[in-house]
Amino acid sequence: MTSETRAGRPRASSRETLAEAACELFLEQGYDETSIADITRRAGVSRSSFFNYFSSKSDVLWSGLDARIEEASVSLAALGTEADGDAIRAAVLPIVHGFAPDPLVLALRNAQAMGLETELMRDTGLRHARISSAVAGAARSAGIDEVRADILGAAVAAAVLSSLRVWAEQGAGQASLEAQFDAALRSIHDLPWG
């Protein structure tokens, strides 16, 4: 019995290779001017390989965060009537815990150079809505009224995404993203006009 080896890059490294190629091209020629064909050509993989890992060009930036948001959403839904401030924080913390610099962090830090300001604003709004909805759902399950649940959801989502943006812009790895997130959560209680 013989085994054939496949030509090309090992499957395990293709995702990272594609993300690296995409980020290089976004910096060199801008997000809008970069096509999926450009990315696959730079990475040395086929178009179908791209779609094995990403559903779109935008997904190259967001897939790591999206997976973390999905895990947090499952945890939040499981809280039921046990949801409280500490439980919500514990369910959301894995979104930022151990977050390593990735294509999204590079994009946040270099948004203007990559021509990503509009894309990031739109797509950040989608992630804000997902986190907000999951937190608000957990709050409603614990008996918090609709308006307060929505406000809590929006505030926690803003804390997550603002912390990530500031951490990236200040140079990811220079400070703790978790500490940034904790400070953002604490600041919710100290906001003016309350």
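Which elements do the buried residues of H8 pack against? In this predicted model, they pack against H4, H5, H6, helix H7 (111-114) and H9. The buried residues in question are Glu119, Leu120, Asp123, Arg127, Ile131, Ser132, Ala134, Val135, Ala136, Ala138 and Ala139. H8 itself has 25 residues, and its first and last C-alpha atoms are 36 Å apart, close to the 36 Å expected at 1.5 Å a residue. After H8 comes glycine 143, with a positive phi near 100°.

The secondary structure of the chain consists of 10 helices and 0 strands. Of its 194 residues, 42% count as buried. The C-alpha trace spans about 60 × 45 × 30 Å along its principal axes. Among contacts between residues at least 6 apart in sequence, 62% join residues at least 24 apart.

Helix H9 covers residues 146-169. Its 24 residues should span 34 Å at 1.5 Å a residue, and the end C-alpha atoms are 34 Å apart, in agreement with that expectation. At the start of H9, the backbone nitrogen of valine 147 has a side-chain oxygen of aspartate 145 within 3.3 Å. Just after H9, glycine 171 adopts a positive phi of about 105°. The buried residues of H9 are Ala149, Gly153, Val156, Ala157, Ala159, Val160, Leu161, Ser163, Leu164, Val166, Trp167 and Ala168. Their packing partners are helix H4 (57-79), helix H5 (85-92), helix H6 (103-109), helix H8 (117-141) and helix H10 (177-188).

Aspartate 66 lies in helix H4. With a relative accessible area of 16%, aspartate 66 is buried, because the cut-off for burial is under 20%. The side chain of aspartate 66 makes a polar contact with the side chain of arginine 130, at 3.2 Å. Leaving aside residues up to four places away in sequence, aspartate 66 touches Asp59, Arg127 and Arg130. Of these, Arg127 is listed among the buried residues of H8.

The largest pocket has a volume of about 360 Å³. Of the 17 residues that line this pocket, Gly85, Ile88, Val156, Leu185 and His189 are the closest to its centre. H5, H8, H9 and H10 each supply at least two residues of the lining. The largest share, 5 residues, comes from H5. By residue class, the lining divides into 10 nonpolar, 2 polar and 5 charged residues. Val156 is also one of the buried residues of H9.

Glycine 85, one of the residues closest to the centre of the pocket, is located in helix H5. Glycine 85 is exposed, because its relative accessible area of 55% is over the 50% cut-off. The C-alpha atoms of glycine 85 and leucine 152 are 9.7 Å apart in space, although the two residues are 67 residues apart in sequence.

In helix H2 (residues 36-43), the buried residues include Ile36, Asp38, Ile39, Thr40 and Ala43. Just after H2, glycine 44 takes a positive phi of about 75°.

Terms used
Residues are numbered from 1 along each chain as its sequence is written. This is a predicted model: local features need pLDDT of at least 70, side-chain atom pairs count only at pLDDT 80 or more; totals for chains, interfaces and linings use all residues. Side-chain values use heavy atoms; hydrogens and water are left out. Helices (H or I, at least four residues) and strands (E, at least two) are DSSP runs, numbered from the N terminus. The expected span of a helix is 1.5 Å times one less than its number of residues. Buried means under 20% relative accessible area, exposed over 50%, partly exposed in between (1.4 Å probe, protein chains only). Contact means heavy atoms within 4.5 Å. A polar contact is a pair of N or O atoms within 3.5 Å; within protein, one must be able to donate a hydrogen and the other to accept it, and residues adjacent in sequence count only if both atoms are side-chain atoms. On a 1 Å grid over the protein atoms alone, a cavity is a set of points where a 1.4 Å probe fits but cannot get out, and a pocket is an open set with protein on both sides within 12 Å along at least five of seven lines; lining residues have an atom within 4 Å of a point. Grid points are joined across faces, edges and corners, and a volume is the space filled by probe spheres set on the points. Ala, Val, Leu, Ile, Met, Phe, Trp, Tyr, Cys and Pro count as nonpolar, Asp, Glu, Lys and Arg as charged, and the others, Gly among them, as polar.
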